[in-house]
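Student: I am new to this structure. Please take me through a close look at a single part.

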Amino acid sequence: MAKKDEGQAVEETPVKKTRKRKLTKTIDGNVLTIAEATTGTEMKFDFSDLPDEIQALFGPFGMSQKLGDSAAGKTGEEAIASIQKVWEGLMAGNWTVRAPAAEKITKKSVLSKFDEMPEGEEKEITAKLLKNLGILA
């Protein structure tokens, strides 16, 4: 949005506010440290202190979380491919493997597809839409 300042247009840049994390978590070996931001309280939890039965339940639970997170925001074949990629990484001993990000749609790619459209009524309608969206001059 432009504002006039002593006869000149000045561009306003919105300030993006970053949200302060309520909890921070770190893992060192088998010890999980959770720090709570409001009180500054730091808590430590040693996984090996848990009873064997609970430790055994964490394995499948953690696997469910890790694989499920890899499909977040995806559906169908894309979700399946993400889950498989993370599983293959885990099987190869790679904890940090991530599913590839979804394909990005850029202004350039939209304009390229628009340019490829045959002339006619459909292209005219599309041109009006792209102009209204500020994509086409």
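Student: Where does Lys123 lie?

Tutor: Lys123 lies in helix 4. First, some ground rules. This is a predicted model, in which local features need pLDDT of at least 70 and side-chain atom pairs count only at pLDDT 80 or more, while totals for chains, interfaces and linings use all residues. Residues are numbered from 1 along each chain as its sequence is written, and side-chain values use heavy atoms, with hydrogens and water left out.

Start with the helix itself. Helix 4 takes in residues 121-132, 12 residues in total. (Helices, H or I of at least four residues, and strands, E of at least two, are DSSP runs numbered from the N terminus.) From its first C-alpha to its last, helix 4 reaches 17 Å. That is close to the 16 Å expected at 1.5 Å a residue. (The expected span is 1.5 Å times one less than the number of residues.)

Now look at its two sides. Lys123, Ala127 and Leu130 are buried in helix 4. The face turned away from the buried side carries exposed residues. They are Glu121, Glu122, Glu124, Ile125, Lys128 and Asn132. Helix 3 (107-116) is included in what covers the buried residues of helix 4.

Back to Lys123. Its relative accessibility is 9%, so Lys123 counts as buried. What lies around this side chain? Leave aside the neighbours within four places in sequence: Lys123 is then in contact with Phe114, Asp115, Met117 and Pro118. (Contact means heavy atoms within 4.5 Å.) A polar atom of the Lys123 side chain lies 3.5 Å from the backbone oxygen of Phe114. The side chain of Lys123 is also joined to that of Glu119 by a polar contact of 3.3 Å. Just after helix 4, Gly134 takes a positive phi of about 80°.

Step back to the whole chain. Four helices and five strands make it up. Along the sequence the pattern is β-β-β-β-β-α-α-α-α. Of the 137 residues in the chain, 13% are buried. Take the contacts between residues at least 6 apart in sequence: 14% of them join residues at least 24 apart.

Helix 1 has 19 residues, which should span 27 Å at 1.5 Å a residue. Its end C-alpha atoms are 28 Å apart, which agrees. Lys66, Leu67 and Ser70 are the buried residues of helix 1. They pack against helix 2 (76-91).

Lys22 sits in the loop between strand 2 (8-11) and strand 3. Lys22 has a relative accessible area of 69%, so it is exposed. Ala37 is 15 residues away from Lys22 along the chain, yet their C-alpha atoms are separated by 5.2 Å. Beyond its neighbours within four places in sequence, Lys22 is in contact with Ala35, Glu36 and Ala37.

Asn30 is in the loop between strand 3 and strand 4. Asn30 is partly exposed, at a relative accessible area of 47%. From Asn30 to Ser48 is 18 residues in sequence and 6.6 Å in space, C-alpha to C-alpha. With neighbours within four places in sequence set aside, the contacts of Asn30 are Phe45, Asp46, Phe47 and Ser48.

Finish at Met43, in strand 5 (residues 42-46). Its relative accessibility of 32% makes Met43 partly exposed. Met43 and Leu32 are 11 residues apart in sequence, and 8.2 Å lies between their C-alpha atoms.

Technical notes:
Buried < 20%, exposed > 50% of the residue type's maximum accessible area, 1.4 Å probe, protein only. Polar contact = N/O pair within 3.5 Å; in protein donor to acceptor, adjacent residues only side chain to side chain.
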